[in-house]
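This briefing covers a protein–DNA model, taken topic by topic. Please keep the sequence and structure open while reading.

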There are 2 protein chains.
Amino acid sequence: MLRPRQVRLRDVADAAGVHPATASRALNPATRAQVSADTARRVLRVAEDLGYRPNPIARSLKTARSHTVGLVLPDLTNPYFPPVVRGIESALEPAGYHAWIVDTHNDPVRERAQIDSLCARRVDGLIVATARRDHPHLRALHADGVPLVLVNRRVDGLDVPSVAPDDASGIAQAVGHLAALGHLRVALVGGPATTSTGAARTRAFGHAVRDLGLAADPALRAEASQWTEAAGAAALRRLLDAGAACTAVVAASDLLALGCYDALAERGLRCPGDVSVVGFNDMPFLSRLRPALTTVRVAQAAIGAAAARLLFDAMADPPDAPRPARPSLFPVSLVVRESTAPPRRDRGLPRPRAGGAAPGTAFRTSWAAPSD
Amino acid sequence: MLRPRQVRLRDVADAAGVHPATASRALNPATRAQVSADTARRVLRVAEDLGYRPNPIARSLKTARSHTVGLVLPDLTNPYFPPVVRGIESALEPAGYHAWIVDTHNDPVRERAQIDSLCARRVDGLIVATARRDHPHLRALHADGVPLVLVNRRVDGLDVPSVAPDDASGIAQAVGHLAALGHLRVALVGGPATTSTGAARTRAFGHAVRDLGLAADPALRAEASQWTEAAGAAALRRLLDAGAACTAVVAASDLLALGCYDALAERGLRCPGDVSVVGFNDMPFLSRLRPALTTVRVAQAAIGAAAARLLFDAMADPPDAPRPARPSLFPVSLVVRESTAPPRRDRGLPRPRAGGAAPGTAFRTSWAAPSD
DNA sequence: GTGAAAGCGCTAACAC
DNA sequence: GTGTTAGCGCTTTCAC
């Protein structure tokens with residue numbers, strides 16, 4: 001594509017008066033020792049002067065390596081991911097690797113095509129944030145020896161390196177916080193059980209509720225079909241429609257929590273006045289929301305960087321004998337903001353107010369002085 | 001990287017009992033006609049059976065085309081961009097193209113390296129969202145015949161296709177809205193004048209202020225050094241420190257506007273009670289903020305898709321004679337939310353309170369039914 | 001320490 | 001309509 005006839009290794013070799021093979025050796029730091037210091041210097045200088053840029057395509061064809069890793073994301077518009085990407089790139093780039101980002105839009109069909117495309121382009125490894133608990137494709141890739149690291153979510157029984165936040169601890173902290181505020185009936189808007197993260201957070205919720213002696217009512221749980229605001233709203237709506245009386249809800253992600261905001265607002269329920277909400281991830285901009293969301297902080301960039309490092313390990317391993325991998329869990333911490341408060345004392349259960357009359361404006365006025 | 005010895009064109013040809021060249025012709029829709037229908041069918045079937053995936057690296061080496069375009073973004077953590085990326089991909093993918101996203105972190109040095117890397121990898125074209133008005137590198141790329149489309153920002157005097165929101169109209173609408181609310185002293189937190197977008201919006205602000213007969217005080221303008229929240233906050237801080245008395249501020253982007261929120265909050269000034277704020281872009285999540293930001297809506301995905309289509313045109317042109325390109329402007333519309341209100345009537349100029357009278361609630365009540 | 005030669009997987013002239 | 005040949009730009013044995 002570059003017009004001015006790209007300068008090739010051959011041009012450098014000619015100008016330096018050596019064979020292309022020698023020039024190649026001189027240019028490659030790893031093989032530079034095979035060449036006399038003098039030749040090396042000369043070749044390097046000529047290459048510099050000519051503005052030689054090695055052609056990665058040709059190199060890849062020969063070496064079957066691309067110095068590129070595929071980064072498979074479920075949804076680039078989810079603000080959680082950009083910081084993860086930054087973390088990944090910060091670890092990749094010093095090593096001369098580049099990330100190729102694909103966005104599956106949470107669509108398994110798209111995902112398959114994207115991953116195939118990455119593999120065809122001979123990425124050296126894959127960092128995957130779209131894993132489902134049952135994921136034959138990833139399983140097959142791993143069996144094929146493709147270096148693979150999972151981020152956030154894992155595949156059931158697949159022994160592949162992974163890095164994720166400590167779901168159990170995060171949920172325990174969230175529920176603990178609500179319990180400490182005096183909440184007894186805490187609901188869960190869980191993530192899809194098809195994802196390990198969804199399942200783990202739901203499981204952790206069960207444990208926390210039990211340990212703290214809160215209401216263990218199954219009617220207090222709903223599962224969102226996707227990790228999106230819309231799905232979060234739909235899930236909480238179902239809960240409320242079924243008459244679930246709760247004074248707080250733990251959402252398995254921030255986006256789900258935002259959906260909860262919407263569902264509560266539709267019902268004329270205020271947060272945290274009527275219902276407290278806790279999210280998970282601490283994605284950007286949360287502190288600016290109304291109300292600012294209490295959530296579980298996850299070190300997004302650190303997780304990304306760790307994933308990249310694990311991938312380097314995996315790429316260094318013999319493909320037929322990858323080292324066994326225990327999931328690496330990142331510590332998390334609760335960030336208390338404004339979406340959580342003690343339950344209303346005047347009545348145990350919030351319900352749509354105005355025993356019939358349309359709610360709405362009456363409530364809005366009281367927003368004038370938000371709870372901050 | 002795929003373990004089970006990748007099946008090559010040669011394997012398909014052998015299995016189908018034809019020469020590799022014939023198999024190649026059969027597999028490529030563009031050359032399929034050169035081959036007997038029968039052979040084509042057979043080759044296709046065998047390829048399918050064997051799970052043949054053409055090796056794009058080898059193909060690229062031969063053809064010097066990659067079916068890949070580079071996408072150069074200043075900041076992937078800016079929520080404005082993911083929707084643009086979606087738009088671009090939605091236009092690229094049906095044509096069999098893939099986007100390679102790079103994030104320059106607003107760093108020209110990084111940008112140069114990233115673009116070089118993309119070019120080395122033989123992307124077929126570039127969609128660039130990081131242009132500066134003075135941009136020798138982009139100018140050189142264009143001179144070299146690299147197909148190029150600019151998004152949002154342009155390069156002074158560089159005749160390259162570009163697509164951007166209608167800055168002038170957006171700013172006019174923003175200022176017009178504030179004027180209609182009764183504001184007389186409207187400040188500008190402009191974007192970097194090194195970017196065409198920054199310059200255009202600042203220019204438009206001047207025109208709007210003049211046309212509407214508002215205060216044209218130079219002390220009412222500050223320029224942010226970057227398109228970030230921090231730079232927006234710093235700019236407004238400078239304005240306020242210098243004693244600029246304004247009742248509203250137009251920020252040249254949403255992120256700058258969020259910075260303004262911060263600077264106002266630091267001074268104990270309320271938005272919109274004391275100072276109204278308008279942003280630009282209508283990036284995601286704005287309606288959830290406190291206060292929900294009034295802003296200029298930009299069709300992000302549409303802009304992205306248009307950019308991709310322009311790039312197809314540019315790639316189709318002879319590289320030495322690209323068609324002349326007029327910038328394509330996308331219509332924008334003001335979205336009024338909660339960050340704008342009439343100026344306080346009790347005094348012309350807001351100042352840090354504690355002086356006494358706490359205003360506030362009185363204004364909020366009228367928001368009960370926000371206009372969105 | 002350097003050169004010669006082969007070849008990664010594919011496509012595109014050019015024959016026949 | 002199909003086969004032959006050459007070669008994209010590089011790396012890597014293997015000689016010397």
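In this predicted model, a polar side-chain atom of Arg25(B) lies 2.6 Å from a base nitrogen of DNA strand D.

**DNA strand D**

- Phosphate oxygens of DNA strand D are approached from both chains: a polar side-chain atom of Thr22(B) lies 2.7 Å from one, and a backbone N or O atom of Leu9(A) lies 2.4 Å from one.
- Helix 2 and helix 4 of chain A, and helix 2 and helix 4 of chain B, each supply at least two residues of the surface near DNA strand D.
- Helix 4 of chain A gives the largest share of the surface near DNA strand D, with four residues.
- By class, the surface near DNA strand D has nine nonpolar, eight polar and seven charged residues.

**DNA strand C**

- DNA strand C is surrounded by 24 residues, and the closest are Thr22(A), Arg25(A), Thr39(A), Leu9(B) and Tyr52(B).
- Sugar or phosphate makes up 64% of the atoms of DNA strand C within 4 Å of the protein, and the rest belong to bases.
- Tyr52(B) has a side-chain N or O atom 2.6 Å from a phosphate oxygen of DNA strand C. A polar backbone atom of Asn55(B) is 3.3 Å from a phosphate oxygen of DNA strand C.
- On the base side, a polar side-chain atom of Lys62(A) lies 3.4 Å from a base nitrogen of DNA strand C.
- At least two residues of the surface near DNA strand C come from each of helix 2 (20-27) and helix 4 (56-63) of chain A and helix 2 (20-27) and helix 4 (56-63) of chain B.
- For DNA strand C, the largest share of the surface, four residues, is supplied by helix 4 of chain B.
- The surface near DNA strand C divides into nine nonpolar, eight polar and seven charged residues.

**Helix 4 of chain A against helix 4 of chain B**

- The axes of helix 4 of chain A and helix 4 of chain B come within 9 Å and cross at roughly 135°. Helix 4 of chain A is therefore oblique to helix 4 of chain B.
- The crossing of helix 4 of chain A and helix 4 of chain B is left-handed.
- Ile57(A), Ala58(A), Ser60(A) and Leu61(A) of helix 4 of chain A meet Ile57(B), Ala58(B), Ser60(B) and Leu61(B) of helix 4 of chain B. By class, this contact has six nonpolar, two polar and no charged residues.

**Helix 1 and helix 2 of chain B**

- Helix 1 (residues 9-16) of chain B packs on helix 2 of chain B at an angle of about 100°, with the axes 8 Å apart. That makes helix 1 of chain B roughly perpendicular to helix 2 of chain B.
- Leu9(B), Arg10(B) and Ala13(B) of helix 1 of chain B make the contact with Pro20(B), Ala23(B), Ser24(B) and Leu27(B) of helix 2 of chain B. The residues of this contact are five nonpolar, one polar and one charged.

**Helix 5 and helix 12 of chain A**

- Helix 5 (residues 81-92) and helix 12 (residues 300-316) of chain A have axes that come within 6 Å and cross at roughly 40°. Helix 5 and helix 12 of chain A are therefore oblique to each other, and their crossing is right-handed.
- Residues in the contact include Gly87(A) and Ile88(A) of helix 5 of chain A and Gly304(A) and Ala308(A) of helix 12 of chain A. The contact has nine nonpolar, four polar and no charged residues.

**Backbone geometry**

- Most residues other than glycine have a negative phi, and most peptide bonds are trans.
- The peptide bond from Cys271(A) to Pro272(A) is cis, with omega near 5°. Pro272(A) sits in the loop between helix 11 (254-266) and strand 9 (276-278) of chain A.
- In chain B, the peptide bond from Cys271(B) to Pro272(B) is cis, with omega near 0°.
- Asp282(A), in the loop between strand 9 and strand 10 (295-297) of chain A, has a positive phi, near 55°.

Technical notes. Residues are numbered from 1 along each chain as its sequence is written. Chains are lettered from A and ligands numbered from 1 in the order in which they are written. This is a predicted model: local features need pLDDT of at least 70, side-chain atom pairs count only at pLDDT 80 or more; totals for chains, interfaces and linings use all residues. Side-chain values use heavy atoms; hydrogens and water are left out. Axes are lines fitted to C-alpha atoms, for helices over the stretch in contact, and angles run from 0 to 180 degrees between N-to-C directions. Angles under 35 degrees count as roughly parallel, over 145 as roughly antiparallel, 65 to 115 as roughly perpendicular and the rest as oblique. A crossing is left-handed if the near helix is turned anticlockwise from the far one by less than a right angle, and right-handed if clockwise. Contact means heavy atoms within 4.5 Å. Ala, Val, Leu, Ile, Met, Phe, Trp, Tyr, Cys and Pro count as nonpolar, Asp, Glu, Lys and Arg as charged, and the others, Gly among them, as polar. A residue is near a molecule or strand if one of its heavy atoms lies within 4 Å of it. A polar contact is a pair of N or O atoms within 3.5 Å; within protein, one must be able to donate a hydrogen and the other to accept it, and residues adjacent in sequence count only if both atoms are side-chain atoms.
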